[in-house]
Amino acid sequence: ESTVVEGYFSITMNTLEPGSPRLWVCFAFAVLYFGWVLRRQWIEWETFISLRFDFLANGDVEVEQDPGSIQGMKKRLGLGGEELVAQKDDVQLHLEQYRNSCMVEFIPESHRRDRELYEFFDAIFPGQVKRAECLINCTTLTKLINERKSYVIKYENLYAKQFHAKQVYRRKTEGQHTEDVGVCAYICCRCLGGDVKKPQEPKIRIDRGRLCCGKKMVKALPYYLSEIKRLNREVEKEHRRILEEKQKVEDKEGSSRLLRSTIKQGIKLATGVTADSLSSQTGFVEFQTLTAKQSALQ
């Protein structure tokens, strides 16, 4: 098959004859080009690796809790000395919590408590662990929150449509009063159905209940608002129940096997939920510094 030498390929090395000395020019250019690229990557790596080692050894000074680093940063920025060092705001505290925390997965059953998880990491990184918590399963709470979210979306959409319809009706009625129209035009508009209709209160059909058949019509906005308030109460109630059950699980630490079994059965009879169903195999650990977190991730 012949080599293509037409169009764009007429200015490429395809036009060179096999064995032509000019092929060495292409070879030398390729060697120089890739050598330059590798050299630039090597310089970039040398710059990065020094910053990486300094980051692992010292952390990020801008978010550490050392007051001296904060004062030095403010002096460099021209924000004053020690007397002008303000306390950290919520945004900075949340940023520190995010940057100094790491997620732990596949936690064994023997360590699925906050205290045991904290003691485990504190033994590996003494004095560097700020807190450790195991996540809990809250399927019922999640369902309630999602249901409340759906009612909030329905309420907001319907309220926006109703508000828009009322505004359109108000503008049209005000326009009719201000315009100077004749009697004939007014009669024609009335006869042809041109009168502006006042928007009606939106209604929906809901079930009458377990003992009643069929559905009934109710005003949509008050109904959605009542459901949102009801779900708010249920969400708060479920949240308190989960916190209480978690506290019971934490309090049984150090008890005997018989007492643990008795508490577990009591929780199941009282709430219908086993204590073990609240705990999960995932948690998170917050360290004092970013350096300790990076060491834990290695």
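Predicted model: local features only at pLDDT ≥ 70, side-chain atom pairs only at ≥ 80, totals over all residues.
Which helix holds both Tyr-155 and Tyr-159, and how many residues apart are they?

**Entry 1: the chain as a whole**

I started with the overall plan. I found nine helices and five strands in the protein chain. Reading from the N terminus, I wrote down the order α-α-α-β-α-β-α-α-β-β-α-α-β-α. The chain has 298 residues, and 23% of them count as buried.

Next I looked up the surface. The accessible surface of the protein chain comes to about 22400 Å². Carbon and sulfur atoms hold 57% of that surface.

Then I turned to contacts. I took those in the protein chain with a separation of 6 or more; residues 24 or more positions apart account for 66% of them.

**Entry 2: aromatic rings**

I searched the whole structure for aromatic pairs and got 13. One of them is Tyr-155 with Tyr-159, a stacked pair. I noted 6.2 Å centre to centre and 15° between the planes. The opening question can now be settled. Both tyrosines lie in helix α5, which covers residues 139-178. They are four residues apart, about one turn of the helix. I checked how open each one is. Tyr-155 is partly exposed, at 22% relative accessible area. Tyr-159 is also partly exposed, at 44%.

I then looked at Tyr-223 and Tyr-224, an aromatic pair that is tilted. Their ring centres are 5.9 Å apart, with 50° between the planes. Is Tyr-224 buried or exposed? I read 11% relative accessibility for Tyr-224, so this residue counts as buried.

I also logged a group of phenylalanines. Phe-120, Phe-121, Phe-125 and Phe-287 form one aromatic cluster.

**Entry 3: salt bridges**

How many salt bridges does a search of the whole structure find? I got nine. I followed three of them.

The side chains of Arg-131 and Glu-133 meet in a salt bridge, at 3.2 Å from N to O. Arg-131 is partly exposed, with 27% relative accessible area. Glu-133 is partly exposed too, at 26%. Lys-130, Arg-131, Glu-133 and Glu-286 are linked in a network of salt bridges.

I moved on to helix α7, residues 220-251. Arg-230 forms a salt bridge with Glu-234 there, and the closest N and O atoms are 2.8 Å apart. The two residues are four apart in the helix, about one turn. Arg-230 is partly exposed at 26% relative accessible area, and Glu-234 is partly exposed at 29%.

Helix α7 also holds Arg-241 and Glu-238. They form a salt bridge, with 2.7 Å between the closest N and O atoms. They sit three residues apart, so about one helical turn separates them. I looked up the cover on Glu-238 and found it buried, with a relative accessible area of 11%.

**Entry 4: a lysine without a salt bridge**

I turned to Lys-293, which lies in helix α9, residues 290-297. Which side chain of opposite charge is nearest to Lys-293, and how far away is it? I found Glu-286, at 11 Å. Lys-293 is buried yet has no salt bridge. I remembered Glu-286 from the network with Lys-130, Arg-131 and Glu-133.

What does the side chain of Lys-293 reach? I found the backbone oxygen of Ser-101, at 3.5 Å. I listed the neighbours next, leaving out residues up to four places away in sequence. Lys-293 touches Tyr-98, Arg-99, Asn-100, Ser-101, Cys-102 and Phe-287. Phe-287 is the residue I had logged in the aromatic cluster.

**Entry 5: a backbone angle**

My last stop was Phe-106. Where is Phe-106 found? I located Phe-106 in the loop between β1 (101-104) and α4 (114-124). Its phi is near 55°, a positive value in a residue other than glycine. Phe-106 is exposed, with a relative accessible area of 64%.

Methods
Residues numbered from 1 in each chain as written. Heavy atoms only, no water. Buried < 20%, exposed > 50% of the residue type's maximum accessible area, 1.4 Å probe, protein only. Lys, Arg positive; Asp, Glu negative; His and termini not counted. Salt bridge = Lys/Arg side-chain N within 4 Å of Asp/Glu carboxyl O. Polar contact = N/O pair within 3.5 Å; in protein donor to acceptor, adjacent residues only side chain to side chain. Contact = heavy atoms within 4.5 Å. Areas by Shrake-Rupley, 256 points an atom, 1.4 Å probe, with all protein chains shown as cover. Phe/Tyr/Trp six-rings, centres within 6.5 Å; stacked < 30°, edge-to-face > 60°.
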